[in-house]
Amino acid sequence: MDVNVALRARISTRAFLPQPVSKELLTAVLDDARWSPSGGNLQPWKVVAVTGDARQGVIDAVNAAAATDPSSQEGDHPMYPAELWEPLRTRRYQVGEQMYAQLGIPNDDKVARFSRIMENFNFFGAPVGLFFVTDDRMGAGQWAHLGMFMQSLALAAVEHGLATCMQEAWAMRRATLKRHFELDEHDYVYCGMSLGFADPDHPVNQLRSERVPVDEFTIWHGWS
Ligand SMILES: Cc1cc2nc3c(=O)[nH]c(=O)nc-3n(C[C@H](O)[C@H](O)[C@H](O)COP(=O)(O)O)c2cc1C
């Protein structure tokens with residue numbers, strides 16, 4: 001598959017078939033993703049992969065932690081700045097509304113919206129959960145490199161017939177995850193990811209998010 005095709009084919013998939021993913025297939029995806037670049041070739045990432053009972057184990061651990069205060073956030077890197085500014089605020093709002101519209105969930109149905117958010121913590125039904133871990137001594141640069149690795153992995157997944165959803169929602173439970181997986185002292189969970197075979201018929205997977213055109217984010221110099 002051409003890279004430009006894979007870039008457009010990758011979407012955040014939020015409903016999966018129960019079909020399992022073999023270790024061989026996941027290894028092939030990880031084997032592609034490891035060719036991602038990183039400054040100084042630090043490769044500042046670790047991946048925790050779960051399926052089967054291990055997948056259920058982490059779901060249970062996180063849901064138990066969330067039961068006391070579902071909106072609390074563990075760790076010192078919130079998902080977004082406290083007050084998002086325009087046009088970012090509107091972009092975030094729009095994609096959320098588009099998703100709920102696909103699902104037929106109205107604005108005032110807070111219960112349905114909340115339960116949809118909580119689907120994050122079930123990997124949207126995906127048979128595989130991934131967690132991306134860096135070192136808490138790393139700076140913004142290495143976090144960016146970890147992001148590149150995640151995108152490489154998501155594109156490689158497309159090539160192998162798989163679908164993904166990156167999930168920073170899991171970052172709300174960083175401390176719980178670190179404890180649960182008995183990670184090393186400096187290990188820091190940045191993000192989760194659902195991975196599996198997309199449910200092609202589920203309405204939520206019909207969502208195609210928008211992008212701003214090139215000239216809106218490029219500052220051109222030197223072309224007439
Ligand atoms: C780092 C990162 C974290 C994300 N976290 C979540 C998440 O927790 N839950 C979710 O449903 N989508 C999550 N997303 C998906 C974004 O909402 C999605 O990428 C964006 O709306 C663009 O849509 P697309 O991925 O379908 O192109 C995340 C995306 C990224 C890159």
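This is a predicted model: local features need pLDDT of at least 70, side-chain atom pairs count only at pLDDT 80 or more; totals for chains, interfaces and linings use all residues.

User: What pattern of helices and strands does the protein chain follow?

Analyst: The protein chain has 8 helices and 4 strands. Read along the sequence, they give the pattern α-α-β-α-α-α-β-α-β-α-β-α.

User: Why does the protein chain count as compact as a globular protein of its length?

Analyst: The globule rule gives 17 Å for 224 residues. The protein chain comes close to that, so it is as compact as a globular protein of that length. Its radius of gyration is 18 Å.

User: What share of the contacts with a separation of 6 or more joins residues 24 or more positions apart?

Analyst: These contacts link residues 24 or more positions apart in the protein chain. Their share is 85%.

User: Which element gives the most to the largest nonpolar core?

Analyst: That core holds 37 residues, and Phe132, Met150 and Tyr190 are among those that touch the most other members. Elements giving two or more residues include α2 (23-33), β2 (128-135) and α6 (140-159). With 8 residues, the top contributor is α6.

User: Which residues is Met150 in contact with, leaving aside its neighbours within four places in sequence?

Analyst: Met150 is among the core residues that touch the most other members. Beyond its sequence neighbours, its contacts are Phe132, Met166, Cys191 and Met193.

User: How many residues are in the second, separate core?

Analyst: This core includes Val50, Val58, Val62 and Ala65. Its count is 5 residues.

User: Which strand gives the most to the shell around the ligand?

Analyst: The residues around the ligand include Cys165, Met166 and Gln167. β3 spans 163-167. With 3 residues in the shell, the top contributor is β3.

User: How do the residues of the shell around the ligand divide into nonpolar, polar and charged?

Analyst: Among the shell residues are Ile11, Arg14, Asn120 and Glu168. The shell divides into 6 nonpolar, 4 polar and 2 charged.

User: Is Thr90 buried or exposed?

Analyst: Thr90 is found in helix α4 (residues 88-102). Thr90 has 11, so Thr90 is exposed.

User: What length does α4 reach from its first C-alpha to its last?

Analyst: α4 has 15 residues, and 21 Å is expected at 1.5 Å a residue. Just after α4, Gly104 takes a positive phi of about 70°. The helix itself comes close to the expected value, reaching 21 Å.

Methods. Residues are numbered from 1 along each chain as its sequence is written. A nonpolar core is a set of buried Ala, Val, Leu, Ile, Met, Phe, Trp, Tyr and Cys residues joined through C-beta atoms within 7 Å. A residue is buried if 20 or more other C-beta atoms lie within 10 Å of its own, exposed if 12 or fewer, and partly exposed in between; C-beta atoms are placed from the backbone. Two residues are in contact if their C-beta atoms, placed from the backbone, lie within 7 Å. A residue is near a molecule or strand if its C-beta atom, placed from the backbone, lies within 6 Å of it. Ala, Val, Leu, Ile, Met, Phe, Trp, Tyr, Cys and Pro count as nonpolar, Asp, Glu, Lys and Arg as charged, and the others, Gly among them, as polar. The expected span of a helix is 1.5 Å times one less than its number of residues. The radius of gyration is taken over C-alpha atoms; the globule rule is 2.2 Å times the number of residues to the power 0.38.
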